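Welcome! Take a moment to look it over before reading on.

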Amino acid sequence: MLIVIKNIFAYMRPYKLLASLFFVGLFLDLAFVSLAPLTFKFMVDLAIVPKDMNMFYLILSVLGIAGFIGFGAGIMSDYMLAKLTSLVQKDMRALLFSRLQRMNIGFFQKSRSSELVSYFSVDLPSIDRSMSVILTVGIQSLSVVIITTVVLFYLQWSMAVCILVGAIAIFTGPYLLGRRAQATDSAYKEQLSLMTGEVHENIKAQRVVKGFNLQQAMIDKFTTRLQSLFVIQYKKNVLSASLERIPMISLLLINFAIIGLGSYLALQGYITVGALVAFFTMYTSMGNSVFNLTFAIPAFTDAAVSMERIGRLLDESPEASGEAPLPQREDKRPDIRFEGVTFGYSEEQAVLKQIELHIPPGTTAAFVGSSGSGKSTLVQLILGFYEPDAGQILINGSCLRDLDRRSLREQMGIVFQDNFLFRGTILDNIRISQPDSSLENVIEAAKRAEIHDFIQTLPEGYHTPVLDEGNNFSGGQRQRIAIARAILRNPPILLLDEATSALDPIAEASINRTFGELSRDRTVVTVTHRLASITGADRIFVFDQGKLVDSGNHHQMLMNGGYYKELWDKQSGLSVSSSGQEAEIDEERLSRLPFFRGMEPSVLKEIKGLFNTETFAAGQPVIYEGDQGEKFYLIARGRVEVTRRSPDAEQERIRLAVLDDGDHFGEIALLENVPRTADVTTLTPSVFLTLQRKVLDYVLSKYPEIDSRVRQTLAERRK
Ligand SMILES: Nc1ncnc2c1ncn2[C@@H]1O[C@H](COP(=O)(O)OP(=O)(O)OP(=O)(O)O)[C@@H](O)[C@H]1O
């Protein structure tokens, strides 16, 4: 309780004048409320019994003037409190929000977004409510109780002692229950935040939910969550009701005692009738205040829990940052060097192992490799989102750890695969990277990002609102807005993490040309799985399972053979028309599929013609676990995720693999009709070459020898 009062006073510290006026008003008001019943004693004993009209008018006038002052002061204190609590809420909201801005990326990954939101939606309002209750009902009632107790002792001490003993009983119950109520309230708020989190996630995941028919599974999961919430809410409500009920019963018992004792004392002549009436009136007013006070107790519990939760958030350490500004090179082209960098998101698993690499000033470096090999993690390290566990990253010769993160990031522009668009207009979203740039510059950046023409077709042009994180635009349009944002910033270091993954081939080729032009006077780091787009890079770094396995330029590495050539071969021989609607595979590439290996060119040519093109948007299911498979898929362009139901939880999915350009899946369907063993969902817009078993069967039936060879290979691969 004390800590809550201490915190409330700390919140009000910046507003001393306002707080003082509030307390003056409050105390004048309550002085009147608590002392007014005393007039009964004077009215009965000095005016009514002696029948003194002058005294009657005098007492009435004093009461009127005191009432006028008391009510005026009360209205003033209401006004001051309204302002005070609003200001405190404003300050706390701003403090929490600015603290969140200073947290590191790791903090956001370990926290649930709904829980962070609940600090604003549950805890701050709960502090606001509690603060109002404590400062009004709480203080008023407590003061009335203290003042009336003193007056009651003055009027009749033995009856006052009786009340005091009862009052102790009134507060013992709530005190004993208080700790349990606080723990239950805390558990309830946790459960509430988990429930809101689930609703939040469910709304965002509606495509997947509908795509995979997960509605019933989601309802079942939510019902289980609601059951836990129900149990804890029920317990909380019972405790809360008990906290209110126990004092009410105690109060009733004291009433009986006072009526009996008071009447007996008056009958025996120990107390005048006026004093008895005044005593009862004051006692009733005191009883009301005690009753009100019992309502203030849950407010203390509520505030204590929320204050503790917010305190924990404020105690989190902010993102580490050095103080040194980034030293500038004369040519303004930054130099990036990794020296023995090892890093893991958790202590158990290193995602990057002993990385040594140098990106000279003004060059374009490309990070390529299998999915999960650590390419994006390298970009995040350059941005200073995480710190290496061993080794160091040097930017312009200075250790990144010592650099002021602000000055470092000022030099960078970044385009991610998934780009967040803020609520506002397209113009706001592009200009966010360089708020003072002119409309002409924004348009220029949009033109280079190939999005200007599209914006022009919108009725509101650059002022078109961006809704729901940009979901009123396609993935490709969002990506181009993000590219315009990065171009407008004109940064010395440009970081592109799968920056063109959502674009069709024409847009991709064109934007890659823009990136080529941009790379002339800056240092560029690009992460991509599409090797054709980085053949011109000055230096290509190839990663596999967190290790740098090869580096050099495209031609050197093709000559050397090795992993890069393997990746290149996988992607070559596949072409997609500029519209992105037609894909083709050449015979040579077809002959490299294990089950078509060594086939005669004429048969390959025939099989090549059997492939169909299928296009999918990002986030769409391609095949479902358990469905009968009769089609083979080859990814001509795009990226998919292969997942399987978790054996432990029906609605949870385990990611088995991420496949991209040149990878294939579902080959067993070419052998026989078997249920699919996993779900496949697109991660980016994807173009597939598909082959139906029935069609292949028809062609191969003409070549029995080839047919049996294909079947044998497929059967072996199935093992
Ligand atoms: N925030 C994170 N927390 C924990 N593990 C992560 C996190 N981000 C990535 N990882 C893991 O680190 C490894 C490297 O991921 P990263 O995204 O850097 O790979 P990548 O080569 O860029 O893959 P992709 O091409 O699929 O984007 C993966 O095993 C991934 O699961």
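What follows is a short briefing, grouped by topic.

This is a predicted model, and the protein has 23 helices and 24 strands. Its radius of gyration is 37 Å, whereas a compact globule of 719 residues would have one near 27 Å. The points below go from the whole chain to single residues.

**Overall picture**

- Taken along the principal axes, the C-alpha atoms fill a box of roughly 130 × 65 × 55 Å.
- Buried residues account for 34% of the 719 residues.
- If you look at contacts between residues at least 6 apart in sequence, 78% of them join residues at least 24 apart.

**What the UniProt record lists**

- An unreviewed UniProt entry gives "domain: ABC transporter" for residues 336-570.
- Over residues 336-570 the chain is 34% helix and 26% strand, and the C-alpha atoms at its ends are 30 Å apart.
- The unreviewed entry in UniProt also lists "transmembrane region" for residues 57-82, 133-151, 157-177 and 246-267.
- In the model, residues 57-82 are 100% helix and 0% strand, with end C-alpha atoms 37 Å apart.
- Residues 246-267 are likewise 100% helix and 0% strand, and their end C-alpha atoms lie 32 Å apart.

**An enclosed strand, β10**

- Strand β10 (residues 523-527) is largely enclosed by the rest of the structure, because five of its five residues are buried.
- Side chains alternate between the two faces of the sheet in a regular strand.
- In β10, Thr 523, Val 525 and Val 527 point one way, while Val 524 and Thr 526 point the other way.
- One of the partners of β10 is strand β3 (residues 364-369), which pairs with it in the parallel sense over four bridges. Here Thr 364 has Val 524 of β10 as its bridge partner.
- Strand β9 (residues 493-497) also pairs with β10 in the parallel sense, over five bridges. In this pairing Leu 494 stands opposite Val 524.

**Another set of strands, around β19**

- Strand β19 (residues 639-645) and strand β20 (residues 653-660) pair in the antiparallel sense over seven bridges. Arg 644 has Ile 654 in β20 as its bridge partner.
- Strand β23 (residues 679-682) runs antiparallel to β19 as well, and four bridges join the two. Thr 643 stands opposite Asp 679 in β23.

- Which residues of helix α3 (residues 39-48) are buried? They are Phe 40, Lys 41 and Ala 47.
- These buried residues of α3 pack against α4 (53-101) and α10 (273-315).
- Lys 51 is found in the loop between α3 and α4. Although Lys 51 is not a glycine, it has a positive phi of about 55 degrees.
- Is Lys 51 buried or exposed? Lys 51 is exposed, because it has 8 other C-beta atoms within 10 Å and a residue with 12 or fewer counts as exposed.

- Ser 250 sits in helix α9 (residues 215-267). Ser 250 has 20 C-beta neighbours inside 10 Å, so it counts as buried; the cut-off for buried is 20 or more.
- Leaving aside residues up to four places away in sequence, Ser 250 touches Gly 166, Ala 169 and Ile 170.
- Glu 498 has its place in the loop between β9 and α17 (505-518). With 23 C-beta neighbours inside 10 Å, Glu 498 counts as buried.
- Glu 498 has a positive phi of about 50 degrees, although it is not a glycine.
- Where do these two residues stand relative to each other? Ser 250 and Glu 498 are 248 residues apart along the chain, and their C-alpha atoms are separated by 70 Å.

Key: Residues numbered from 1 in each chain as written. Predicted model: local features only at pLDDT ≥ 70, side-chain atom pairs only at ≥ 80, totals over all residues. Rg over C-alpha atoms; globule rule 2.2 N^0.38 Å. Contact = placed C-beta atoms within 7 Å. UniProt positions renumbered as here; feature names shortened; annotations may be inferred. Pairing = 2+ DSSP bridges.
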